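Hi everyone, thanks for coming. Please have the viewer open, and let's walk through this one together.

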Amino acid sequence: MQKLPTTPMKFTARNDYAFKKLFGTEENKDIMIEFISLVTDLSQDDFDDVRIGNNEQLPRFYNDKTGRLDIKIRLNDGRKIDVEMQNTYFDYYPKRSIFYCSKMIHEHFFSGLQYADLKKCIAINVLNSPFKLSPKVHSVYQIRESEEQTLLDELLEIHFLDLTKLPKENLTSVEKWLMFIKTDSKEERRMLAQENPVMTKANNVMDIFYLDEQERRRYEAAWEYESDRLSMINESERKGLERGKSLGLAEGEARGSRQKAFETARLMLQRDYPESEICLMTGLTKEEVEGL
């Protein structure tokens with residue numbers, strides 16, 4: 001018999017482990033398909049023979065820290081989708097999303113293939129911090145002509161879904177899913193799931209976190225990892241600012257900013273982050289990171 005926690009815990013799908021369990025596993029593929037088809041307007045038929053990548057580290061990721069928390073999906077026709085849950089927003093996230101999308105575009109593009117063979121990549125970013133570039137709940141970015149808004153090519157499409165801007169009532173279908181992800185209320189999830197059998201299944205998955213001790217531990221480890229990551233970034237910012245103040249204003253700002261970048265890079269190296277992500281987050285070159 002499973003041992004229940006002595007203090008009632010509130011569970012939310014904003015937790016990285018819970019989010020990936022819901023939307024990035026084979027047994028819950030139907031949940032992922034419904035959510036992504038609502039966000040992107042893809043037909044559910046587009047997800048025939050869909051493949052979910054980088055899900056093999058789901059149970060042990062938080063002790064390893066070398067995996068990725070995003071969900072990588074490849075459709076049968078070669079189109080790719082990348083889904084991420086972000087609880088804290090940083091100004092570099094749009095660049096980061098473009099970077100990951102670009103990597104996915106040429107991931108299976110081998111020598112001898114033609115540019116016409118490149119497949120569309122869709123990035124979906126679910127944010128629990130305000131997205132500063134748009135007042136909307138759901139923002140979609142593509143490559144378009146600046147005045148006529150004609151689409152240059154459909155190759156790249158990036159979605160930002162802002163949980164902080166959800167309305168209180170009259171939710172659309174996709175907004176109901178976003179509210180399901182956002183809330184930590186078991187009762188609110190149950191109410192949202194009443195008329196949707198797929199969401200009912202998702203609600204049952206969330207209930208398991210309360211009932212299963214091992215799943216609770218993984219859920220808690222995900223929050224610890226998120227706190228560790230945020231503390232690392234805040235610490236590097238603090239050290240960079242202190243360094244800048246001691247060097248004077250103009251020179252200090254420049255050197256303090258650079259010091260902050262090196263502090264962040266050192267901390268990320270200690271936690272085995274990929275070199276490409278360190279360069280993207282800090283603005284340092286590959287050679288500078290290798291020099292550390």
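I'll start with the sheet, move to the helices, and finish with the aromatic rings.

First, some housekeeping. This is a predicted model, where local features need pLDDT of at least 70 and side-chain atom pairs count only at pLDDT 80 or more, while totals for chains, interfaces and linings use all residues. Residues are numbered from 1 along each chain as its sequence is written, and side-chain values use heavy atoms, with hydrogens and water left out.

So, the sheet. Strands of a sheet pair through backbone hydrogen bonds, either parallel or antiparallel. Here six strands form an open sheet with mixed pairing, in the order β1-β2-β3-β4-β6-β5. Strands (E, at least two residues) and helices (H or I, at least four) are DSSP runs numbered from the N terminus, and two strands pair if DSSP finds at least two bridges between them. Which strands sit at the edges? They are β1 (51-53) and β5 (138-144), each pairing on one side only. From one strand to the next, the twist averages 20°.

Now look at β3 (residues 80-86) and β4 (residues 121-127): they run parallel, joined by seven bridges. For example, I81 has I122 as its bridge partner in β4.

On to the helices. Helix α1 lies across β2 (71-74), β3 and β4, and runs at about 150° to β3. Helix α2 lies across β1, β2, β3, β4, β5 and β6 (151-162), at about 95° to β4. Those angles, from 0 to 180 degrees, are between N-to-C directions of axes, which are lines fitted to C-alpha atoms, for helices over the stretch in contact; contact means heavy atoms within 4.5 Å.

Finally, the rings. Rings of Phe, Tyr and Trp (its six-membered ring) pair if their centres lie within 6.5 Å; planes under 30 degrees apart count as stacked, over 60 as edge-to-face and the rest as tilted. By that rule there are 19 aromatic pairs. Why is the pair of F19 and F23 called tilted? Because their centres are 4.9 Å apart and their planes are at 50°. Both residues lie in helix α1 (residues 16-23), four residues apart, about one turn of the helix.

F23 is buried, with a relative accessible area of 2% (buried is under 20%, exposed over 50%, partly exposed in between, with a 1.4 Å probe and protein chains only). F23 also pairs with F35, with centres 4.9 Å apart and planes at 40°, so this pair is tilted. That pair links distant parts of the chain, since F35 is in helix α2 (residues 29-40), 12 residues from F23 in α1. F35 is buried too, at 1% relative accessibility.
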